[in-house]
Amino acid sequence: MDAEELPRAPHTVDDFLRAYEDGGPLRGFRCVRCGLVSATWGLACPRCGDTGRVEQELSPSGKVVSFTIQTVPGDEFLNDAPYAYVVVELDGGGRITGWMPAVRSVSDLEVGDRVRFHPSYKPGVQFVRDLPVDRPGSGG
Ligand SMILES: [Zn+2]
């Protein structure tokens with residue numbers, strides 16, 4: 001196969017990964033064949049393999065589907081440990097990994113908890129707890 005036959009991404013990996021660091025939204029892709037929304041950059045759909053993918057803005061909110069507590073951090077996070085490394089299922093599709101600085105033990109977070117993207121100068125996608133808005137009649 002010649003290089004000219006390879007599928008082309010709609011933008012560079014750097015553009016995709018860094019947009020949110022400049023205050024932009026989280027970005028992902030929707031498969032034109034099966035409709036899967038993915039937060040992961042790639043040339044083909046991870047579910048059906050089709051190369052027809054269109055860029056899509058992802059929701060900043062979602063729920064935690066898995067997490068672990070990091071006690072041995074990389075250099076950028078030395079002052080933040082312990083913190084949670086989370087996998088978040090975004091509303092409308094896309095699973096993305098990120099971190100939560102305020103979560104210091106497994107008792108501070110539960111699978112299913114609502115979180116939202118909170119831009120940070122630190123690397124990675126930072127999430128914070130998405131607290132419910134008090135509404136009249138919601139009890140509490
Ligand atoms: Zn697909």
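This is a predicted model: local features need pLDDT of at least 70, side-chain atom pairs count only at pLDDT 80 or more; totals for chains, interfaces and linings use all residues.
**Strand S7 and its partners**
- Strands here are DSSP runs of E, at least two residues, numbered from the N terminus.
- S7 pairs with S8 in the antiparallel sense over three bridges; strands pair if DSSP finds at least two bridges between them.
- S4 and S7 also pair in the antiparallel sense over three bridges, and Lys63 has Arg114 in S7 as its bridge partner.
- S7 has a covered face, Val115 and Phe117, and an uncovered one, Arg114 and Arg116.

**The largest nonpolar core**
- A nonpolar core is a set of buried Ala, Val, Leu, Ile, Met, Phe, Trp, Tyr and Cys residues joined through C-beta atoms within 7 Å.
- This core has 18 residues, and Leu26, Val86, Val88, Met100 and Phe127 touch the most other members.
- Its largest share, four residues, comes from S5.

**Gln126**
- Gln126 sits in the loop between S7 and strand S8 (127–129).
- Gln126 counts as buried because 20 other C-beta atoms lie within 10 Å; the cut-off for buried is 20 or more, for exposed 12 or fewer, with partly exposed in between, and C-beta atoms are placed from the backbone.

Methods:
Residues are numbered from 1 along each chain as its sequence is written.
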